[in-house]
Amino acid sequence: MKKVLALTLAIVMIASVAMFAGCGNSADTKSSADAKTYIIYSDNAFAPFEFLDTKTKKYVGVDMDIMDAVAKDQGFKYEMHNEGFDASMGAVQSGQADGMIAGMTINDERKKTFDFSSPYFNDGQVMVGKKGTKTDDLKGKTVAVKNGTAGKDYAEEVKDKYGYKINYYKDSPAMYQAVKTGVDVACFEDFSVIGYSIKTGEVDLEILNDKPFNVKGYGFAVKKGQNAELLKMFDAGLANIKKNGKLNEILAKYGY
Ligand code: ASN
């Protein structure tokens, strides 16, 4: 009888050790799930939405502040990678990134491969050239566009109307440089972005058309059908910072 009791006790002890171990495991799994760090990609030279602060060597801007405010509001962690616009789209599509925030224009073509948040800003594109350039000057010349962008799409769309050829660049500064040095006669850029750089004296170019074309919302994006939880949190956080004035505060900080 004693033996049976001892054996039973031993079994109970082993079972409870196993149970505790089990609990420990599930607790670990849960806390690591709670602590998931989302990988977010962004453009790298798109002031005032994202740009390198040369003093702090950190990326700053409207998108950086929105992401920070939304993550704080919703209590999630993320890691920001400022790799460029086209690279960001590629990273989201390949699953290397969970999402992107890069002054990204929400349009129907992109909705085929991305899911977007509600818009947080509206903007369209403009043609930009050296002072005194007229849109008639584009005929027979080349223009600069940034890979993968809405400006690139528009430039391709109206190419025959203006009679130019297109050169493709990796980022906005490379595009501006090509226009400044006369490699290309004009480039296509988002109105607020080039407007900001002209205003700050960073870029000595001029907007050629009087109003932006294809004005649409900017949104946070995830790969279509993926990361629904992250998108939901982003939307909830965005709604909160729209309501509590934080979004307006961020925009005002960058002159909007
Ligand atoms: N608005 C641009 C686009 O969606 C974004 C960018 O150039 N960063 O194509």
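The model is a predicted one, so local features are given only at pLDDT of at least 70 and side-chain atom pairs only at pLDDT 80 or more, while totals for chains, interfaces and linings use all residues. Residues are numbered from 1 along each chain as its sequence is written, and side-chain values rest on heavy atoms, with hydrogens and water left out.

To start with the overall picture, the protein chain has 10 helices and 13 strands. Helices (H or I, at least four residues) and strands (E, at least two) are DSSP runs, numbered from the N terminus. Of the 256 residues in the chain, 44% are buried. Here buried means under 20% relative accessible area, exposed means over 50%, and partly exposed is what lies in between (1.4 Å probe, protein chains only). Contact is taken as heavy atoms within 4.5 Å. Among contacts with a separation of 6 or more, 73% come from residues 24 or more positions apart.

Next comes a pair of helices. Helix α2 (residues 62-74) packs against helix α9 (residues 228-243) at an angle of about 100 degrees, and their axes are 8 Å apart. Axes are lines fitted to C-alpha atoms, for helices over the stretch in contact, and angles run from 0 to 180 degrees between N-to-C directions. The two helices are therefore roughly perpendicular, on a scale where angles under 35 degrees count as roughly parallel, over 145 as roughly antiparallel, 65 to 115 as roughly perpendicular and the rest as oblique. On the α2 side, the residues that meet α9 are I66, M67, A69, V70, D73 and Q74; their partners in α9 are M233, F234, A236, G237, L238, N240 and I241. Sorted by class, this contact has 9 nonpolar, 3 polar and 1 charged residues. Ala, Val, Leu, Ile, Met, Phe, Trp, Tyr, Cys and Pro count as nonpolar, Asp, Glu, Lys and Arg as charged, and the others, Gly among them, as polar.

Helix α3 (residues 85-94) has F85, S88, M89, A91 and V92 buried. Looking down the axis of α3, these buried residues fall within an arc of 160 degrees, so they line one face of the helix; the arc is that of the directions from the helix axis to the C-beta atoms. They pack against β1 (37-42), β5 (99-100), α4 (108-111), β6 (114-116), β8 (142-146) and β13 (221-223). G90 also lies in α3, but at 38% relative accessibility it counts as partly exposed. Just after the helix, G95 takes a positive phi of about 90 degrees. Leaving aside residues up to four places away in sequence, D98 touches K36, T37, Y38, I39, V222, N227 and L230.

Now for the rings: the whole structure holds 17 aromatic pairs. Rings of Phe, Tyr and Trp (its six-membered ring) pair if their centres lie within 6.5 Å, and planes under 30 degrees apart count as stacked, over 60 as edge-to-face and the rest as tilted. F121 and Y256 have ring centres 5.0 Å apart and planes at 55 degrees, so this pair is tilted. The pair joins distant parts of the chain, with F121 in strand β7 (residues 121-129) and Y256 in the segment after α10 (246-253), 135 residues apart. F121 is buried at 13%, whereas Y256 is partly exposed at 37%. Y154 and F213, by contrast, are stacked, as their centres are 3.6 Å apart and their planes at 20 degrees. F46, F49, Y120, F121, Y218 and Y256 form one aromatic cluster.

The peptide bond from A47 to P48 is cis, with omega near 5 degrees, and P48 is in the loop between β1 and β2. K57, which is not a glycine, has a positive phi near 60 degrees; K57 lies in the loop between β2 and β3 (58-60) and is exposed at 62% relative accessibility. N227, likewise not a glycine, has a positive phi of about 55 degrees. N227 is in the loop between β13 and α9 and counts as partly exposed at 25%.
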